[in-house]
Amino acid sequence: MVGQKPSEMPPTTAVKFLGAGTAACFADLLTFPLDTAKVRLQIQGESQAAPATRSVQYRGVLGTIVTMMRTEGPRSPYNGLVAGLQRQMSFASIRIGLYDSVKQFYTPKGSDHSSIATRILAGCTTGAMAVTCAQPTDVVKVRFQASINLGPGSNRKYNGTMDAYRTIAKEEGIRGLWKGTFPNITRNAIVNCAEMVTYDIIKEKLLDHQLLTDNFPCHFVSAFGAGFCATVVASPVDVVKTRYMNSPPGRYLSPLDCVVMMVAQEGPTAFYKGFTPSFLRLGAWNVMMFVTYEQLKRALMKVQMLRESPF
């Protein structure tokens, strides 16, 4: 360790775990309105939506946010933020913070680089692990984002985040908090692979070919590419996940039934509803998260080195 800089020291698993959760919360704070707009656009068009939902029409990302602020108040784009931050601290810490460790676990001993298959397997593994732990927070977040508060006749039914957990468990059983786990595992395994593997590969190639150094421009380009790839491949299952999580009991028999009904009632284009806010959100989220994550890892390693230094 003597003479090494924080950027040269491999970060520990604990540093990655804490750094990923903190960076993800920071990214969520800045991009949450885009995520809420995406959810509203994704559920728009459901035939059995509440009367309050049907009375409001959203057009585009900015139009959706403006409409929400005008009809529900300036704080409405941040509905579900508390659950969103709870989700990131448990979810991102696992899927991002443990990715390198799981990748090394799958990599054969003696190999200098992990294969694409190994990276994909690691992304699927940490994505599935994260969903299993964080699913209740995702359900509550989506319910808050989808709920519309227009006074009498609105579909707002929770007084707060903890009340939402209690109400869902009481009315739908404990299983209600894990509603949509399968589509969410599918979605996040895809997103995690697209984000982590794409970021990993782009960053590695930029550094190997000496196009950029391991600094902000490299992190920015890698994160932007990861966000775009994740949006393209994950949008269909993301729409299904949102609708299934937000649906009342009995609305859909299963995630597959949700898929069939969407195709029958709205056509294949329904799977890409909210694509623009999804890309804006995932692109911006990835840039902010990965850039912050890289800096946090270095800062935390610097603190650790100072604590271990005898002087």
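1. Start with a charge above a ring: K179 lies over the face of Y244, with 5.7 Å to the ring centre. For a charge to sit over a ring, NZ of Lys or CZ of Arg must be within 6 Å of the ring centre and within 35 degrees of the ring normal. There is another case to look up: the charged end of K297 sits over the ring of Y293, 4.6 Å from its centre.

2. A word on what you are viewing: this is a predicted model, in which local features need pLDDT of at least 70 and side-chain atom pairs count only at pLDDT 80 or more, while totals for chains, interfaces and linings use all residues. Residues are numbered from 1 along each chain as its sequence is written, and side-chain values use heavy atoms, with hydrogens and water left out.

3. Now the overall plan. The protein has 12 helices and zero strands; here helices (H or I, at least four residues) and strands (E, at least two) are DSSP runs, numbered from the N terminus. Of the 311 residues in the protein, 53% are buried. Buried means under 20% relative accessible area, exposed means over 50%, and partly exposed is in between, using a 1.4 Å probe and protein chains only. Looking at contacts (heavy atoms within 4.5 Å), residues 24 or more positions apart account for 78% of those with a separation of 6 or more.

4. A straight helix of 31 residues would span 45 Å at 1.5 Å a residue, but α6 spans only 37 Å between its end C-alpha atoms. The expected span is 1.5 Å times one less than the number of residues. Where does α6 bend? The bend is at A134, by about 65 degrees, and a proline, P136, follows within four residues. That angle is taken between axes fitted to the seven residues ending at a position and the seven starting there. α6 is also mostly covered, with 22 of its 31 residues buried.

5. N188 is found in α9. Is N188 buried or exposed? N188 is buried, because its relative accessible area is 1%. Leaving out residues up to four places away in sequence, N188 touches R87, F91, G127 and V131.

6. With 16% relative accessibility, T198 counts as buried. A polar atom of the T198 side chain lies 2.4 Å from the backbone oxygen of A194. Among the residues that T198 touches, not counting those up to four places away in sequence, are G225 and C229.

7. How many aromatic pairs does a search of the whole structure find? There are seven. Rings of Phe, Tyr and Trp (its six-membered ring) pair if their centres lie within 6.5 Å; planes under 30 degrees apart count as stacked, over 60 as edge-to-face and the rest as tilted. Y199 and F290 form a stacked pair, 3.9 Å centre to centre with 10 degrees between the planes. This pair links distant parts of the chain, with Y199 in helix α9 and F290 in helix α12 (residues 275–308), 91 residues apart. Both Y199 and F290 are buried. Elsewhere, F224, F228 and F279 form one aromatic cluster.

8. Q210 deserves a check of its backbone. Most residues other than glycine have a negative phi. Q210 has a positive phi of about 55 degrees although it is not a glycine. You will find Q210 in the loop between α9 (181–208) and α10 (216–246). Q210 counts as exposed because its relative accessibility is 71%.

9. P248 is in the loop between α10 and α11 (255–266), and P248 is partly exposed, with a relative accessible area of 46%. A270 lies in the loop between α11 and α12 and counts as buried at 1% relative accessibility. A270 and I43 are 227 residues apart in sequence and 9.5 Å apart in space, C-alpha to C-alpha. Leaving aside neighbours within four places in sequence, A270 is in contact with V239 and M262.

Methods
Polar contact = N/O pair within 3.5 Å; in protein donor to acceptor, adjacent residues only side chain to side chain.
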